[in-house]
There are 2 protein chains.
Amino acid sequence: MPDRAPRTEPEALPRWRRRKDARPQEIVAAAMDVFAERGFAAARLEEVAARAGVSKGTLYLYFPSKDELFKAVIRAAILPNLEQAEAMAAAAAGPCFPVLERLLRMVAHLVATTRAATIPRLVIAEAGNFPDLAAFYHREVIRRAFGVLASLLQRGIASGEFRPVDVDPTVRLIVAPLLMSAVWRTSFDGLDGEPPLDVPALVETHIDNLGRVLLRDAGETTP
Amino acid sequence: MPDRAPRTEPEALPRWRRRKDARPQEIVAAAMDVFAERGFAAARLEEVAARAGVSKGTLYLYFPSKDELFKAVIRAAILPNLEQAEAMAAAAAGPCFPVLERLLRMVAHLVATTRAATIPRLVIAEAGNFPDLAAFYHREVIRRAFGVLASLLQRGIASGEFRPVDVDPTVRLIVAPLLMSAVWRTSFDGLDGEPPLDVPALVETHIDNLGRVLLRDAGETTP
DNA sequence: TGTTAATAACTGACCAGTCAGTTATGAAGA
DNA sequence: TCTTCATAACTGACTGGTCAGTTATTAACA
């Protein structure tokens, strides 16, 4: 190995900086990556620290435990999107089906392109070991997401736009393919040289099916 | 603590028995329970051994590693049901939709009542850490299950019973609610005093929806 | 100069996998 | 039928390594 890059900096580069407000986000971002790659149990805090450019001890200045760090990751990845969805559903006034379409495409886009798609898998995996984490996710994410869809369905039924379907099973049937896509992408995609999951095609078929199921005037959704 | 059960057996009760052929099944059954409760990573082989009534060393006489034990659990829980489903689909001759109904109700029953329902969650959870395990499950379970549904759909389309839907997305849309039910039951059921997931209601709604989506003569599936 | 963000070495618990030793069991010989 | 005796099933204490969480110390910076 020839001579190393000449160390021409007697400059007193400080060994670290104090950056009290930037640290939490950076740590959460690093944790998101590591949890997504390894799963919660197998994720090593040493690695999270390394990717965040700090030492392991620093993590404990900002988060009391691995569990709490995990909860922070979930909050950061999910809540902004959830709030956006709630706003989208609350703002719309006219017919409900186009709103439903927009919501589904938005979630599909998240599933297909962002790291947030790994969150459901992580929660599902650890639900058994961390019941309070499962309860947290159920309360803060699932219940709210279901609520958005349920009230949209109820509005559509009340206005006569939708058939009078059973709301709770229908909400679950609407969500299931998206959840499965998120899980699939982060568990089985790219195995055995299979083509990757075509999320947009899946969602468009799903939307078309939902049109046939929900709308009073059955038939093509786009004539 | 009053006098213990009178030890009226000077009989030389052996400390253990040689039971070479019964052991593997008993170990797999115990492992199924422990994996279901704790997840793969958190499952302790000491506990598996205890529940199987053997010592930890004995596990290694029959299974070379924790991974291989896990694969054996998956095989034992899934393959019989998969073979039953394949037989059911292959045997049927008449219209396809009733076959689809029967398949869905069969899987729903498994999801609602058996421990096999925890397998998808376990695989999903560990897919990241054990890519070969994910590949194994993809090859031995998912591909075969999808195959059953895909050929059923193709037959229905060819005979004119079904609309000419896109087969691959439709297969996934058929499976997703069942998969989600299995995951739900083993992750979130019984949280916050929520009522447990009503799998039969979900499946009946799903079947009704599929009738509207698949059948040429749209409308009620049962007139 | 005092305060505190940040470090890095450390601890203690946990657990998959190993292996030297123990015992059930059936068969061969008395 | 009653001993040996060989063997393979089985045991459980042990090892080596991992990793969450702690703490004594250092250095940035107001």
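**Exercise 1. The surface near DNA strand D**

Find which helix gives the most residues to the surface near DNA strand D, and sort that surface by class.

*Step 1.* Start with the helix: H3(B) gives the most, with four residues. Helices here are DSSP runs (H or I, at least four residues), numbered from the N terminus, and strands (E) need at least two. A residue is near a molecule or strand if its C-beta atom, placed from the backbone, lies within 6 Å of it.

*Step 2.* Before going on, know your model. This is a predicted model, in which local features need pLDDT of at least 70 and side-chain atom pairs count only at pLDDT 80 or more, while totals for chains, interfaces and linings use all residues. Residues are numbered from 1 along each chain as its sequence is written, and chains are lettered from A and ligands numbered from 1 in the order in which they are written.

*Step 3.* Now look at the neighbours. There are 24 residues around DNA strand D, and Gly57(A), Val54(B), Ser55(B), Gly57(B) and Thr58(B) come nearest. Two or more residues each come from helix H2 (45–52) and H3 of chain A, and from H3 of chain B.

*Step 4.* Sort by class: the surface near DNA strand D has seven nonpolar, five polar and 12 charged residues. Ala, Val, Leu, Ile, Met, Phe, Trp, Tyr, Cys and Pro count as nonpolar, Asp, Glu, Lys and Arg as charged, and the others, Gly among them, as polar.

**Exercise 2. The surface near DNA strand C**

Work out how many residues surround DNA strand C, and which are the closest.

*Step 1.* Count them: 25 residues surround DNA strand C, the closest being Ser55(A), Gly57(A), Thr58(A), Pro14(B) and Gly57(B).

*Step 2.* Trace the helices. At least two residues each are supplied by helix H3 (56–62) of chain A and by helix H2 (45–52) and helix H3 (56–62) of chain B. H3(A) gives the most here, with four residues.

*Step 3.* Sort by class, and you get seven nonpolar, five polar and 13 charged residues.

**Exercise 3. Two chains, one axis**

Describe the contact between chain A and chain B, then find the rotation that superposes chain A on chain B.

*Step 1.* The contact takes 37 residues from chain A and 37 residues from chain B. Two residues are in contact if their C-beta atoms, placed from the backbone, lie within 7 Å.

*Step 2.* On the side of chain A that touches chain B, two or more residues each come from helix H1 (23–38), helix H6 (118–126), helix H7 (131–158), helix H8 (167–185) and helix H9 (199–214) of chain A. The largest share, nine residues, belongs to H8(A). By class, this side has 20 nonpolar, nine polar and eight charged residues.

*Step 3.* Superpose chain A on chain B: the rotation is 180° with 0.0 Å of shift along its axis, and the RMSD is 0.1 Å. The two copies are thus related as by a two-fold rotation axis.

*Step 4.* Check the surface: 100% of the contact residues of chain A recur in chain B, so the same surface serves both copies. Of the residues of chain A, Ala125(A) comes closest to the rotation axis, at 2.2 Å (C-alpha).

**Exercise 4. Helices side by side**

Describe how H5(B) packs against H7(B), and how H4(A) packs against H5(A).

*Step 1.* Axes are lines fitted to C-alpha atoms, for helices over the stretch in contact, and angles run from 0 to 180 degrees between N-to-C directions.

*Step 2.* The axes of helix H5 (residues 96–113) and helix H7 (residues 131–158) of chain B come within 9 Å and cross at roughly 160°. H5(B) and H7(B) are therefore roughly antiparallel (over 145 degrees; under 35 is roughly parallel, 65 to 115 roughly perpendicular and the rest oblique).

*Step 3.* Name the partners: Cys96(B), Phe97(B), Val99(B) and Leu100(B) in H5(B) meet Leu152(B), Arg155(B) and Gly156(B) in H7(B).

*Step 4.* In chain A, the axes of helix H4 (residues 66–91) and helix H5 (residues 96–113) come within 10 Å and cross at roughly 165°. H4(A) and H5(A) are therefore roughly antiparallel as well. Their contact has seven nonpolar residues, one polar and one charged.

Methods
Copies are superposed by least squares on the C-alpha atoms of residues with pLDDT of at least 70 in both.
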